Amino acid sequence: MFEKLKTSKSYRIFNSIAKSATFALAISILLFSFEMYKELDQESQNNQHFIETVRQLDEVRQSLSTRFLGTFPNYITEINRVFENLQAQDTVVIFEDVLYYGIKSRPNEFSHFQQLLIRHSRQGGKVIVAYYNNHPDVMQDPIWNTVFHRMVLEGLISSAYVPKIGEERAEEFPKRRGDYSWMIRMDSIITEKYFLKTCQENRDAAENMWEGYLVPIAKDTILNRTDDIVVKRVYQQIDSIKQACLGNGKRLDDVHFADYKRMYSDMTDCIADFYKYNGIELIPLNEYLTMSCWLIKPADVNRSTEAILAFPSKYASDEIGFYSKDVSFADYISKMLEGVRFEAVKPQRRAHKLRD
């Protein structure tokens with residue numbers, strides 16, 4: 001019966017249609033595959049074109065004499081990239097609001113920077129560091145201009161409180177103007193008040209900042225060179241300072257403004273002594289820095305100067321960074337250096353006049 005069905009006209013028509021449909025389906029699949037291949041090939045070409053365009057734009061960006069690097073702390077990596085190209089007789093000029101720049105936000109980059117800087121100095125390179133000092137004997141306003149600024153920058157004191165703090169200082173300080181020790185104590189009281197308010201309002205952020213400071217710098221640092229071992233010693237000292245001020249079983253509720261103040265001060269002293277020991281010229285400043293910068297002046301006149309510049313806001317938690325090989329920036333930074341050196345020797349000149 002099946003053989004008879006196969007010879008029937010209806011079967012032949014059906015079989016012909018089926019074969020035609022199969023053939024059409026195969027053709028459709030081939031056409032679809034071909035179109036997909038074309039689209040994928042076009043997409044691949046577009047991607048390659050996009051990648052090439054990005055590469056060319058990046059080349060243009062890199063060729064600019066001055067370019068934007070981003071916000072703090074992302075540009076710290078770029079600082080190290082520039083310092084990795086130091087040559088033996090190059091001169092390094094640095095202006096920083098604190099000597100421990102990036103120690104909390106980018107500890108690995110901080111440690112790498114110290115290694116590069118000390119290595120250059122120990123190999124005979126000239127390094128000059130001007131920094132914002134935090135000692136009452138050289139400061140007119142030590143808490144407001146150093147510790148306070150650092151705590152605002154790190155989010156330990158909310159920038160929203162800055163106007164209120166300014167109002168309270170303006171109200172209190174005329175009462176005993178000239179009484180320096182009283183003014184320092186009052187500054188501490190006002191700052192402590194708004195530090196605690198900030199911690200209470202944003203406890204998670206305060207805990208992260210507190211715990212972040214307690215992460216050791218030295219533990220993951222594997223150093224073999226003599227100068228690197230010297231650097232590791234200062235990491236160990238800094239870790240000890242952080243533990244002494246914020247650690248040793250303390251909870252966040254046990255941490256006060258005075259603890260951070262002591263930590264910042266002791267870390268500054270530690271790094272300053274370390275720099276001096278390794279032949280770095282230090283210039284302590286007694287006024288707030290409106291800009292931080294890291295400049296390399298090449299010994300070879302055929303090489304361009306290179307600088308990273310960071311422009312902070314005194315009352316905000318961000319800084320913006322720029323890279324520049326424009327000689328005008330180098331000239332500007334050199335003039336800044338001349339100015340702060342002149343200011344630094346003023347007290348010495350006054351002392352000589354008194355003795356004369």
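This is a predicted model: local features need pLDDT of at least 70, side-chain atom pairs count only at pLDDT 80 or more; totals for chains, interfaces and linings use all residues.
**Exercise 1.** Determine the strand order of the open sheet and state which strands stand at its edges.

*Solution.* The seven strands are arranged in the order 1-7-6-5-2-3-4, with mixed pairing. Strand 1 (66-71) and strand 4 (281-285) each have a single partner strand, so one side of each is left without a neighbour in the sheet. Averaged over the sheet and ignoring direction, neighbouring strands are turned by 15° against each other. Within this order, strand 2 (residues 91-96) pairs with strand 5 (residues 292-297) in the antiparallel sense, over five bridges. In this pairing, Val92 stands opposite Ile296 of strand 5.

**Exercise 2.** Identify the strands across which helix 4 lies, and give its angle to strand 2.

*Solution.* Helix 4 (residues 107-122) lies across strand 2, strand 3 (126-132) and strand 5. Helix 4 runs at about 140° to strand 2.

**Exercise 3.** Classify the ring pairs that Tyr260 forms with Tyr213 and with Tyr264.

*Solution.* A pair of aromatic rings is described by the distance of the centres and the angle of the planes. For Tyr213 and Tyr260, the centres are 6.3 Å apart and the planes stand at 65°. Planes over 60 degrees apart count as edge-to-face, and the pair is therefore edge-to-face. Tyr213 belongs to helix 8 (residues 203-213) and Tyr260 to helix 10 (residues 257-277), 47 residues apart. For Tyr260 and Tyr264, the centres are 6.2 Å apart and the planes stand at 40°, so this pair is tilted. Both Tyr260 and Tyr264 are buried. Ring pairs join Tyr100, Phe195, Tyr213, Tyr260 and Tyr264 into a cluster.

Note on methods
Residues are numbered from 1 along each chain as its sequence is written. Side-chain values use heavy atoms; hydrogens and water are left out. Two strands pair if DSSP finds at least two bridges between them. Helices (H or I, at least four residues) and strands (E, at least two) are DSSP runs, numbered from the N terminus. Axes are lines fitted to C-alpha atoms, for helices over the stretch in contact, and angles run from 0 to 180 degrees between N-to-C directions. Contact means heavy atoms within 4.5 Å. Rings of Phe, Tyr and Trp (its six-membered ring) pair if their centres lie within 6.5 Å; planes under 30 degrees apart count as stacked, over 60 as edge-to-face and the rest as tilted. Buried means under 20% relative accessible area, exposed over 50%, partly exposed in between (1.4 Å probe, protein chains only).
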